[in-house]
Amino acid sequence: MALLQISEPGKSTSPNEHRLAIGIDLGTTNSLVASVRSGIADTMPDANGHHLLPSVVHYTDKENSTVGNDALLAGQTDPVNTISSVKRMMGRSFSEISSVVNRSSNKIVDTDTSVPRIKTAAGSKSAIEISSDILKSLRDRAEKTLGGELFGAVITVPAYFDDAQRQATKDAARLAGLKILRLINEPTAAAVAYGLDKQANGTFVIYDLGGGTMDVSILRLNKGIFEVLATAGDAALGGDDMDHVIVDYLMAECGEKNTDDPVFKRNALMQARNIKENLLTNEKTDIKLLLTNGEVWSGQLTREKMQVLVAPIVEKSLKPCKRAMRDARIKKDDIDGIVMVGGPTRMQIVRNLVSEFFGQAPLTDIDPDKVVAIGAALQADMLAGNKNNDVLLLDVTPLSLGLEIMGGMVEKIIPRNATIPVAKAQEFTTFKDGQTAMSIHVLQGEREMVADCRSLAKFDLKGIPPLVAGAARIRVTFQVDADGLLNVSATELTSGIETRVEVIPSYGLTDGEIESMLKDSMAHAGDDMAARALREQQVEADRLFEAVTAALAQDGEALLDERTISEINDRLKTLSDVSKNTDRNAIKLAIERLDKTTQEFAAMRMDLGVSRALSGHNINEFTKEPD
Amino acid sequence: MLSDLTKNYFELFSLDASFDLDLDDLESRFRKLQKEFHPDRFVSVSEQERRIAMQLTAHINEAYQTLIKPLSRGSYMLKLNDINVNDESDTKMDASFLMEQMELREQLDEMKNNNDQEEKIQELTLTIKSGQVKRINELQKCFKTVTDESLIHARNLIRELQFFEKMATQLEELDDDFL
């Protein structure tokens, strides 16, 4: 089975090479990094033994910043330059994040770019840059722990993240110098952590209540395939909201209801988090707060009272559970287990309400803080080709994708919960006689009206031949890749005019902007970053060289004529020559050229693969085995 | 060009074009192709191969989704026979069927303004299911021995199924409001 070799991920010519791959849980409140070492997946602690890295960045001055616990501490004295919960701002517009930021002490600045930015001592920072600082810190930790350069990372995102939020996360990783193997959904990662450990089969509900987001996914695990049946959630619901209701309660109790002193607010928030933590194990907790007038206020909060305060938030999370069950077409009796994910799920009230709703007690064997990172690490290890595992994840789109049509309505092209990758095309026509351009407005959401959905991008298809209304035929194709990212193209079929766009959200960063940020950070960090970039390009060149050489050896003679083989060999030689030098652009060019030459060959091999996969097999092989 | 992308959905799964599919078998074939061609299997290869794997998997997914459901499977089979279900030049439908649909729609609208309706929703759901099952059984016959006549009949059945499908979706959405 010659072709199997390309089907197995990362099978390289040196089979014993272990690639360093990590899983990152980039959380609203805390972030973690994990990897598989000696066959065991676990999170990596920092030098002080802490596994959780608070997702907080403090910009000390132009040159310096701290991330994590140090930043959390700095926040008490310098809240204006300290940013937390940045995940809530990812892929969001100015108006959308203002309510989040108003809660904090940060200031948003008006900029000429469409991306909202926060004013800090290090200049104005976008959510993407702030997240990339957190990712850099995790990357450094992983490189120190593993003692080598990373092959790549799997980063998790809430299943309910829309296209803009996923794109922003990917951009942050790129800015942090991380090669993304895959973006995967947090609940899916949690299921991987449980499923791979226990070799479980069945239907599982993953209930994930994080700092800022709530997700629920229903997965079916069957013979090595993890299939997401449905996913639902609330992108603005989480532990943070619990903190805020406690803060509001404290402020009312101590008579500071209307204060907006940033230091006081930040302290009250820290207190609220401590209270929540304390009440996990204690029935009541004492509170001391330094008021703005210098007095110290003392009070007390019982677990019972806190549960009353946060119950509406937990109840809100049950609605997506119902929707996911309906979309998955399952009943409560069909559920084999409930996996709890996220710090807030350690709270008794959350466990109680969830148990009550599903009629069974949730699984909590794996630390709910770590389970996502562990699952991501297992997936990263597999994608890197370290483990020849037969497990495959089939994930879905969380929200429907569509286009604006006449009357401000949305025509859905790809429905929610469609297995990805997915591509769909639909034909449209012109509305007026002689119409020569068409505006394509891409939307995400479940509602019928444009105004109720999220606008992802707008672009124009120009040069439509002037025909009578309804005569032109415009085919719009939506493609969602395995990371859940959307690509849209439009073609006028009678003339063949095509417009293709990567969907870059109106408030996302363009490739150019990211390139220039990368350049800036390289200039700032000096040779170190430049050297890293060169090495990355060389690794990429080696990888391609190996892949093409192996493919040529297997199927070259069978599929190609001599001229093509010699052409590919020439390009291979060029690549091998330039990759020994230090000209990064030359290597990049040689890679592109080789890729172009082998395009046809790659397609031919894939064709061969499909016919080999299904032909010549006994029909019985396909029939389902009894469960 | 990847020739698998131009194969029809039945050919892709190495199946004969038939309305009467063994769905478990179809699922097994789908899983087998997914396991082999999912982009996760191509992380370490060239950009080209990754892109092709992505296109191929998207095609496999689309093929599976089309064939697994009777309504889309039926429309697809008509398309293979050069019949466009939603041809706008011929939108005639059976008058008694349309009357029946209007009645069902009225029931649905009424439910929107009514609170105590669990029973009514169940009843309407059952009516819709029954209408669907009857037509799917009929479709099966139409595709068994294909004639010009049976294909036209199939097209009408599929149009009627589209009505039921739409109604089922709206009923679900109604349910949504009460979640």
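Select Leu209(A) and show its contacts. Leaving aside neighbours within four places in sequence, Leu209(A) is in contact with Met214(A), Gly238(A), Gly239(A), Ser317(A), Gly342(A), Pro344(A), Thr345(A) and Val350(A). Contact here means that the C-beta atoms of two residues, placed from the backbone, lie within 7 Å.

This is a predicted model: local features need pLDDT of at least 70, side-chain atom pairs count only at pLDDT 80 or more, and totals for chains, interfaces and linings use all residues. Residues are numbered from 1 along each chain as its sequence is written, while chains are lettered from A and ligands numbered from 1 in the order in which they are written.

**Stay on Leu209(A)**

Colour strand β13 (residues 202-209) of chain A; Leu209(A) has its place there. Strands (E, at least two residues) and helices (H or I, at least four) are DSSP runs, numbered from the N terminus. Is Leu209(A) buried or exposed? Leu209(A) has 28 C-beta neighbours inside 10 Å, so it counts as buried. The cut-offs: buried is 20 or more other C-beta atoms within 10 Å of the residue's own, exposed is 12 or fewer, partly exposed is in between, with C-beta atoms placed from the backbone.

**Zoom out to chain A**

Show the whole chain as a cartoon. Chain A holds 17 helices and 27 strands. Of its 627 residues, 44% count as buried. Take the contacts in chain A with a separation of 6 or more: 68% of them join residues 24 or more positions apart.

**The three-stranded sheet**

Select β5, β6 and β7 of chain A. These 3 strands form an open sheet in the order β6-β5-β7, with antiparallel pairing. Two strands pair if DSSP finds at least two bridges between them. Which strands stand at the edges? They are β6 (65-67) and β7 (82-84) of chain A; each has a single partner strand, so one side of each is left without a neighbour in the sheet. On average, neighbouring strands of this sheet are turned by 15 degrees against each other, direction ignored.

Look at β5 (residues 56-59) of chain A. β5(A) and β6(A) run antiparallel and are joined by 3 bridges. Pick His58(A): its bridge partner in β6(A) is Thr66(A).

Helix α2 (residues 69-77) of chain A lies across β5, β6 and β7 of chain A, running at about 60 degrees to β5(A). Helix α4 (residues 127-146) of chain A also lies across β5, β6 and β7 of chain A, at about 65 degrees to β6(A). Axes are lines fitted to C-alpha atoms, for helices over the stretch in contact; angles run from 0 to 180 degrees between N-to-C directions.

**The four-stranded sheet**

Move to β20, β21, β23 and β24 of chain A. Here 4 strands make an open sheet, ordered β21-β20-β23-β24, and the pairing is antiparallel. At the edges are β21 (409-414) and β24 (454-462) of chain A, each pairing on one side only. Neighbouring strands of this sheet are turned by 30 degrees against each other on average, direction ignored.

Step through the pairs. Strand β20 (residues 401-405) and strand β23 (residues 437-444) of chain A pair in the antiparallel sense over 3 bridges. Gly402(A) stands opposite Leu443(A) in β23(A). How many bridges join β23(A) to β24(A)? There are 8, and these two strands run antiparallel. Ser439(A) stands opposite Asp460(A) in β24(A).

**Chain B: domains and a helix pair**

Switch to chain B. It is divided into domain 1 (3-68) and domain 2 (95-177); the bounds come from an automatic or database domain assignment. The C-alpha centres of domain 1 and domain 2 of chain B lie 31 Å apart.

Select α2(B) and α3(B). Their axes come within 10 Å and cross at roughly 170 degrees. α2(B) and α3(B) are therefore roughly antiparallel to each other. By angle, under 35 degrees counts as roughly parallel, over 145 as roughly antiparallel, 65 to 115 as roughly perpendicular and the rest as oblique. Show side chains: the contact includes Leu23(B), Phe30(B) and Phe37(B) of α2(B), and Leu56(B), Ile60(B) and Tyr64(B) of α3(B). The residues of this contact divide into 11 nonpolar, 2 polar and no charged. Nonpolar covers Ala, Val, Leu, Ile, Met, Phe, Trp, Tyr, Cys and Pro; charged covers Asp, Glu, Lys and Arg; the others, Gly among them, are polar.

**Last stop: where B touches A**

Show both chains. The contact takes 38 residues from chain B and 45 residues from chain A. On the chain B side, α2 (23-37), α3 (47-68) and α7 (148-177) each supply at least two residues. The largest share, 11 residues, comes from α2(B).
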